[in-house]
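Colleague: Please take one part of this model and go through it closely, with the cut-offs stated as you go. A plain account is enough.

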Amino acid sequence: PLLAMRVLCTTAALAMGQAGASKVQVLVITEAGCPPCQAAITGSLNDMVTAVGVSDIVHLIHHPFGNNYYTTTECGGAPYDPTIRHCWAARCAVDSPAADCFTGEIVPQHGEVEKNVNRMQACAKNLTTTWEAYWPFLVCMESNYEAQGLDATAACASKASLSNDKLQACYAGTDGDAAQQTEAQATVDHPGTPYVTVNGEE
């Protein structure tokens, strides 16, 4: 499926670019602790978005919240349950979320390391103005997830020409809370991860 997605995205982007149309929008929803997500980001997706000319005709939107959810009174919380995730998404990943959508604890699918790395990736998105500036940090963090987890941040920040000090400040403060909430609310309900759409089409 990922190979087919790569071919589809590249073909669509090239066709639209040649026609002078607006950029192809590629939506990617992943979570840090998900092996298929790591494989996609470091493999087929990275190959596609770093191919010559593709960044000129593709607008990539990545949400590093994946299958996580916040604990709420109506839907519930831990232990992780996909039924609760879908309940949370229906109430909270919307324009006018319920009052308690983002006040409870985040329940990660793959544990605390995943939640922490997702938060750092959200901070990196918040500190960059383009997906091209954010993407190298994401790839680096996913490549080093199993070996280092959050400890890969400094080296990945350097590799992506981001400020580790600013990343750490965001992660440790309310900016990190806000960055996570932004990514969570933008994470549409989906069957699983990695979840990819091209111009809204799965």
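Modeller: Buried residues make up 48% of the 202 residues in the protein chain; buried means under 20% relative accessible area, exposed means over 50%, and partly exposed lies in between, with a 1.4 Å probe and protein chains only. This is a predicted model, in which local features need pLDDT of at least 70 and side-chain atom pairs count only at pLDDT 80 or more, while totals for chains, interfaces and linings use all residues. Residues are numbered from 1 along each chain as its sequence is written, and side-chain values use heavy atoms, with hydrogens and water left out.

The protein chain has 11 helices and five strands. Both are DSSP runs numbered from the N terminus: helices are H or I with at least four residues, strands E with at least two. Contact below means heavy atoms within 4.5 Å. Of the contacts in the protein chain between residues at least 6 apart in sequence, 73% join residues at least 24 apart.

The 16 residues of H6 should span 22 Å at 1.5 Å a residue, and its end C-alpha atoms are 23 Å apart, which agrees. The expected span is 1.5 Å times one less than the number of residues in the helix. Buried residues of H6 include the charged residues Glu114, Lys115 and Arg119, as well as Val117, Met120, Ala122, Cys123 and Ala124. Asn118 and Gln121 of H6 are buried too.

H6 covers residues 112-127 and H10 covers residues 164-172; their axes come within 9 Å and cross at roughly 120 degrees. Axes here are lines fitted to C-alpha atoms, for helices over the stretch in contact, and angles run from 0 to 180 degrees between N-to-C directions. H6 and H10 are therefore oblique to each other: under 35 degrees would count as roughly parallel, over 145 as roughly antiparallel, 65 to 115 as roughly perpendicular, and the rest is oblique. H6 passes H10 in a right-handed crossing. A crossing is right-handed if the near helix is turned clockwise from the far one by less than a right angle, and left-handed if anticlockwise.

On the H6 side, the contact is made by Asn116, Arg119, Met120, Cys123, Ala124 and Leu127. H10 contributes Lys166, Leu167, Gln168, Cys170 and Tyr171. These residues divide into seven nonpolar, two polar and two charged. In that scheme Ala, Val, Leu, Ile, Met, Phe, Trp, Tyr, Cys and Pro count as nonpolar, Asp, Glu, Lys and Arg as charged, and the others, Gly among them, as polar.

Phi of serine 161 is near 60 degrees, a positive value in a residue other than glycine. Most residues other than glycine have a negative phi, and most peptide bonds are trans. Serine 161 counts as exposed, at 66% relative accessibility.

Gln121, one of the buried residues of H6, is in contact with glutamate 142, which is found in H7. Helix H7 (residues 131-143) has 13 residues, which at 1.5 Å a residue should span 18 Å; its end C-alpha atoms are 18 Å apart, which agrees. Buried residues in H7 include Trp131, Tyr134, Trp135, Phe137 and Leu138. Val139, Cys140 and Met141 of H7 are buried as well.

Glutamate 142 is itself buried, with a relative accessible area of 3%. Leaving aside neighbours within four places in sequence, the contacts of glutamate 142 also include Ala32, Gln38, Ile41 and Thr42. Threonine 42 is 100 residues away along the chain, yet its C-alpha atom and that of glutamate 142 are separated by 7.0 Å.

With a relative accessible area of 10%, glutamine 38 is buried. Besides Glu142, glutamine 38 touches Ala32, Gly33, Tyr145 and Glu146, not counting residues up to four places away in sequence.
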